[in-house]
Amino acid sequence: MSIMSIEKIVEQALQDGYLTPAMEAEVGRICDSASELSIEEYMALDRLMGSLLTGEVVAVPRKQFINVMEELVLTEAISRIAEIEVTSESSLDVGDVAAYALNRLPPLYATTEEGANYQRQRAKAELQELIAQQVGEAIARNLDRPNDDRTPVGTKNTGNEVLRQVSTLLQAYAPHFEQKSE
């Protein structure tokens, strides 16, 4: 979203009937960065609050759906990368591997837990081989890629770093994920 004024954001929200997370974030950014808001900005915020309270404008939640494929790819990538990193000096970024594979796999969106369970079962029955193949290809490409300017030469992800990456990705992609103890 381009930088907009509070007044323009409120005008857009009133016109559309909803306030997106990006619009909300921009209003927050403006309020946080401004040393003082103008009378017009206060009036616009007051108008927005009133319209949110009456239901004239609806705040859209950040995430109303999940792509089940993301969690399936992450699970596959994490286990494959862990095997590689234990047996070699190679270091792989879970995010890079997952993104590569996800760009080559169909999304499986769901809006309810029942829908997510259906998508998981469907994927395991019909797409597990394709998921494994794409994650394998992503790993091969990442192993063949020379160190680039994103990672300083000679650094290696420690187990803690991989765990941090995985935790961050799981929080973003699977907020209700619970680790199962074996």
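Biologist: What makes up the buried part of helix α5, residues 94-102?

Modeller: In this predicted model, the buried residues of α5 are Val94, Val97, Ala98, Tyr100 and Ala101. They sit on the same side of α5, because the arc they cover around the axis is only 160°.

Biologist: What do we find at the start of α5?

Modeller: There, a side-chain oxygen of Asp93 comes to within 2.8 Å of the backbone nitrogen of Gly95. The cut-off for a polar contact is 3.5 Å.

Biologist: Let's stay with Val97. Which residues does Val97 touch, leaving out those up to four places away in sequence?

Modeller: Val97 touches Ala77, Ile81, Val135, Ala138, Ile139 and Asn142. Val97 also belongs to the largest nonpolar core, which has 23 residues. Along with Met69, Val73, Ile81, Ile131 and Val135, Val97 is one of those touching the most other members.

Biologist: Which elements give two or more residues to this core?

Modeller: Those elements are α4, α5, α6 and α7. The largest share, 7 residues, comes from α4. Another core, of 14 residues, lies apart from this one, and Val27, Ala44, Leu45 and Leu48 are among its members.

Biologist: Now for helix α6, residues 113-126. How do you know what span to expect for α6?

Modeller: Helix α6 has 14 residues, and at 1.5 Å a residue the expected span is 20 Å. From the first C-alpha to the last, α6 reaches 20 Å, close to that expectation.

Biologist: Which residues of α6 are buried, and which are exposed on the other side?

Modeller: Ala116, Gln119, Arg120 and Ala123 are the buried ones. Their arc around the axis is only 105°, so they lie on the same side of α6. On the other side, Glu114, Tyr118, Gln121, Ala125 and Glu126 are exposed.

Biologist: What covers the buried residues of α6?

Modeller: The cover includes β3 (66-67), α4 (68-87), β4 (109-110) and α7 (128-144).

Biologist: Why is Arg120 called buried?

Modeller: Buried means under 20% relative accessible area. Arg120 has 16% relative accessibility, so Arg120 counts as buried.

Biologist: And what makes the pair of Arg120 and Glu71 a salt bridge?

Modeller: The side-chain nitrogen must be within 4 Å of a carboxyl oxygen. For Arg120 and Glu71, the closest N and O atoms are 2.4 Å apart, and the pair forms a salt bridge. This pair links distant parts of the chain, with Arg120 in helix α6 and Glu71 in helix α4, 49 residues apart. Both residues are buried.

Biologist: Which residues are linked with Arg120 in a network of salt bridges?

Modeller: Glu71 and Glu113 are linked with Arg120 in that network. The closest N and O atoms of Glu113 and Arg120 are 3.5 Å apart. Glu113 has a relative accessible area of 46%, so Glu113 is partly exposed.

Biologist: Why is Glu126 called exposed, whereas Arg122 is called partly exposed?

Modeller: Exposed means over 50%, and buried means under 20%. Glu126 has a relative accessible area of 55%, so Glu126 is exposed. Arg122, at 30%, falls in between and therefore counts as partly exposed.

Technical notes
Residues numbered from 1 in each chain as written. Predicted model: local features only at pLDDT ≥ 70, side-chain atom pairs only at ≥ 80, totals over all residues. Heavy atoms only, no water. Helix = DSSP H or I, 4+ residues; strand = E, 2+ residues; numbered from the N terminus. Expected span 1.5 Å × (residues − 1). Buried < 20%, exposed > 50% of the residue type's maximum accessible area, 1.4 Å probe, protein only. Arc of directions from axis to C-beta. Contact = heavy atoms within 4.5 Å. Polar contact = N/O pair within 3.5 Å; in protein donor to acceptor, adjacent residues only side chain to side chain. Core = buried A, V, L, I, M, F, W, Y, C linked by side-chain atoms within 4.5 Å.
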